[in-house]
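Here are a few friendly notes to read alongside the structure. Take them one at a time, and look back at the picture as you go.

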Amino acid sequence: DSIKKALFKMQKGREEREKEMRRQLDKAKGEKDQLEAQLRKEMAATALRRKELTKELETAKREQSRVEDSLRKQTEASAAMKREVTSKMSDATKEKEELTKHLAYLSKSRSELEKVLGTEMDL
């Protein structure tokens, strides 16, 4: 009889340990499922954020390209204006030199005319 009781106690102890282990296993499975769900949620959020950042990066790259094109065009326009102004300055300088020569020639001719007139007046 005491052997039966001892066996019954052992069996009952095993059942209790098995129940406890099952509870712990179920709890661990529940925690695992929770962690997996949380991980899937975080992965989805991360994928969405990555997609948003990729879109922002593409937009920023397009804007950068647009700004670079605009700056290049402005630089080219500025260079063209500089060449035009330089050309006009050169032309104006040449014209000034020609006018100065012509003025010197006119002054010389005037002086000569005044001399001739002065000579004729003296006669």
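This is a predicted model: local features need pLDDT of at least 70, side-chain atom pairs count only at pLDDT 80 or more; totals for chains, interfaces and linings use all residues.

**Notes on the model**

1. Met 10 counts as partly exposed, because its relative accessibility of 46% falls between the 20% and 50% cut-offs.

2. Together with Ile 3 and Leu 7 it forms a nonpolar patch, and the three share about 320 Å² of accessible area.

3. Now zoom out to the whole protein chain. Its secondary structure amounts to one helix and zero strands. The radius of gyration is 52 Å, well over the 14 Å given by the globule rule for 123 residues, so the chain is more spread out than a compact globule. Along the principal axes, the C-alpha atoms fill a box of roughly 175 × 20 × 10 Å.

4. How much of the protein chain is buried? Buried residues make up 1% of the 123 residues. The accessible surface comes to about 12200 Å², and carbon and sulfur atoms account for 58% of that surface.

5. Next, the charges. The protein chain carries 32 positive and 26 negative side chains, and the centres of these two sets lie 13 Å apart.

6. Which residues form a negative surface patch? They are Asp 91, Glu 95, Glu 97 and Glu 98. Asp 91 has its place in helix H1, which covers residues 2-122. With a relative accessible area of 43%, Asp 91 is partly exposed.

Definitions and conventions. Residues are numbered from 1 along each chain as its sequence is written. Side-chain values use heavy atoms; hydrogens and water are left out. Helices (H or I, at least four residues) and strands (E, at least two) are DSSP runs, numbered from the N terminus. The radius of gyration is taken over C-alpha atoms; the globule rule is 2.2 Å times the number of residues to the power 0.38. Buried means under 20% relative accessible area, exposed over 50%, partly exposed in between (1.4 Å probe, protein chains only). Accessible areas come from the Shrake-Rupley method with a 1.4 Å probe; for residues, only the protein chains shown count as cover. Lys and Arg count as positive and Asp and Glu as negative; His and the chain ends are not counted. The place of a charge is taken as NZ of Lys, CZ of Arg, CG of Asp or CD of Glu. Patches are made of residues with over 30% relative accessible area and no salt bridge: like charges are joined within 9 Å, nonpolar side chains (Val, Leu, Ile, Met, Phe, Trp, Tyr) within 5 Å. A salt bridge is a side-chain nitrogen of Lys or Arg within 4 Å of a carboxyl oxygen of Asp or Glu.
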